[in-house]
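I opened this notebook to record what I looked up around one ligand and one annotated site. The entries follow the order of my reading.

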Amino acid sequence: MLLVDAGNTRVKWAIAHADAAPGEWTAHGAVVHAELDGLKDAWAGHGVTRALVSNVAGTAIRERLAALLPLSQPEWFGARPELAGLRNRYRNPSQLGADRFAAALGARTLAPGQALVVATCGTATTVDGVTAGGDFVGGMILPGLGLMLSSLARGTAQLPDTSAQEALPPTFADNTLDAIRAGCVAAQAGAIERAFAALPAALCIVSGGAAGHVAPALSVPYRMLDNIVLVGLHAAAIASTTP
Ligand SMILES: Nc1ncnc2c1ncn2[C@@H]1O[C@H](COP(=O)(O)OP(=O)(O)O)[C@@H](O)[C@H]1O
Ligand SMILES: CC(C)(COP(=O)(O)O)[C@@H](O)C(=O)NCCC(=O)O
Ligand SMILES: [K+]
């Protein structure tokens, strides 16, 4: 099967056998929206008989994906009131991003029966809670690390545009670039730590394109994963034949 996680910056995908372990991919990749057309070749020749797609990137991306997918009838995955023992406690369950529901499902697959804080650091950062009993209790949405950095440059006269760096900046930075990076990384990590403090004995799972910059700043124990959304889509595919 083909699993696709279309976010607001990149489209991540994996080919998996139905009986493969979570995260055990036959092939996988990621492209930014501008390079979407390359997916046609990447997805050819795998003998795909089923495609599950989570798309939070809007209708234009949905249409482009539909034209590139190796199947004419993909399954467009959406958040549901309940799936595979995960209960969606959003007031309006379908309002929840498909990727957030899939991420929670993926986290629960990897750590069944555990309370979980699920953080995905992408275009936006989302920090969600799942109880040990399987209730998705909701969470936080904040600008992702890249958006925080670029919005500071856009909204001020004197602050430069910058990107995150490998090295963690000191909390009390002595120059502008480090001060910006320190502030934005602290905001990301701080949101995750607040969620962790509110959900006792939770395991913290951190994923997404910017996870490598955020996770090292965490003062709570965590497990970092490449793409928890794809793991959740795999679990969803196994749990349901007609999503
Ligand atoms: N090659 C890359 N291209 C763009 N963004 C990247 C790349 N590598 C890491 N990033 C960071 O990851 C974020 C995108 O992560 P991703 O999980 O793909 O987001 P989304 O699911 O929203 O598309 C960007 O905002 C940026 O901070
Ligand atoms: C919060 C999101 C923008 C995250 O998107 P991403 O950063 O993965 O591209 C997406 O999950 C979304 O559009 N959610 C709908 C609103 C909600 O979940 O409440
Ligand atoms: K996200």
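I began with burial: a residue is buried if 20 or more other C-beta atoms, placed from the backbone, lie within 10 Å of its own, exposed if 12 or fewer, and partly exposed in between. I noted that this is a predicted model, in which local features need pLDDT of at least 70, side-chain atom pairs count only at pLDDT 80 or more, and totals for chains, interfaces and linings use all residues. Residues are numbered from 1 along each chain as its sequence is written, while chains are lettered from A and ligands numbered from 1 in the order in which they are written.

Entry on the annotated site. I found that UniProt, in an unreviewed entry, places a "binding site" at D5, A6, G7, N8, T9, R10, V11, K12 and T123. These positions spread over 119 residues of sequence, yet they cluster in space, with a largest C-alpha distance of 13.2 Å. Such annotations may be inferred rather than shown by experiment.

Entry on R10. I located R10 in strand β2, residues 10-15 (strands are DSSP runs of E, at least two residues, numbered from the N terminus). R10 counts as buried because 20 other C-beta atoms lie within 10 Å. Beyond neighbours within four places in sequence, R10 is in contact (C-beta atoms, placed from the backbone, within 7 Å) with A30, V31, V32 and G209.

Entry on V11. I placed V11 in strand β2 as well. V11 is buried, with 23 other C-beta atoms within 10 Å.

Definitions and conventions. Helix = DSSP H or I, 4+ residues; strand = E, 2+ residues; numbered from the N terminus. Contact = placed C-beta atoms within 7 Å.
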